[in-house]
Amino acid sequence: MADRDLMLDDTDLDAFFDAAREASVMPTGDLMQRIIAEADAQGAQRLVPAAPAVKRGLFATALAALGGWVSVAGLATATVAGIGIGVTSPATVGTLGLSALGLSAYSASASTQATSAASDTTYGETDYATGFYDLAVEG
């Protein structure tokens, strides 16, 4: 805590500041010699050449540019999912989505013969990849 009895005004503070300006503190010769010796030692260490950089190959450079293995794994997963969705038709994706929700769906493809037995809908083996089979048909 500050001592409230010792109140200084501007003239008292000016006296302290003038005394600080008049006092000149110079480092001793021994201190200056130690500083210069340490600076010379640091300068000599900087002159030692660094180890040559290891040149990375094309694969390692591309992997680093993409963000490492974690990013490449995500890209591979997205690529496989994109190819899977691209091969199947949008109707198949809708059929799978509706069947996952427990709803029935109608597909107009020839291979899809939805049979209804007590509100149970079944699909053929080609319903899950109809896009490929639709593209394979000539005519």
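The model is predicted, and local features accordingly require pLDDT of at least 70, side-chain atom pairs count only at pLDDT 80 or more, and totals for chains, interfaces and linings use all residues. Residues are numbered from 1 along each chain as its sequence is written, and side-chain values use heavy atoms, with hydrogens and water left out.

The secondary structure comprises six helices and two strands, with helices (H or I, at least four residues) and strands (E, at least two) taken as DSSP runs numbered from the N terminus. Along the sequence, these elements follow the pattern α-α-α-α-α-β-β-α. Contacts were defined by heavy atoms within 4.5 Å. Of the contacts with a separation of 6 or more, 33% join residues 24 or more positions apart.

Residues were classed as buried under 20% relative accessible area, exposed over 50%, and partly exposed in between (1.4 Å probe, protein chains only). Of the 139 residues, 11% count as buried.

A nonpolar surface patch is formed by Leu-6, Leu-8, Leu-13, Phe-16 and Phe-17, which together present about 510 Å² of accessible area. Patches consist of residues with over 30% relative accessible area and no salt bridge, with like charges joined within 9 Å and nonpolar side chains (Val, Leu, Ile, Met, Phe, Trp, Tyr) within 5 Å. A salt bridge here denotes a side-chain nitrogen of Lys or Arg within 4 Å of a carboxyl oxygen of Asp or Glu.

One aromatic pair is present in the structure. The ring centres of Phe-59 and Trp-69 lie 6.1 Å apart and the ring planes are at 55°, so the pair is classed as tilted. Rings of Phe, Tyr and Trp (its six-membered ring) pair if their centres lie within 6.5 Å; planes under 30 degrees apart count as stacked, over 60 as edge-to-face and the rest as tilted. Because Phe-59 belongs to helix α3 (residues 58-66) and Trp-69 to helix α4 (residues 69-87), the pair ties together parts ten residues apart in sequence. Phe-59 is exposed at 59% relative accessible area, and Trp-69 is exposed at 58%. Excluding residues up to four places away in sequence, Trp-69 touches Phe-59 and Leu-63.

Conventions: Areas by Shrake-Rupley, 256 points an atom, 1.4 Å probe, with all protein chains shown as cover.
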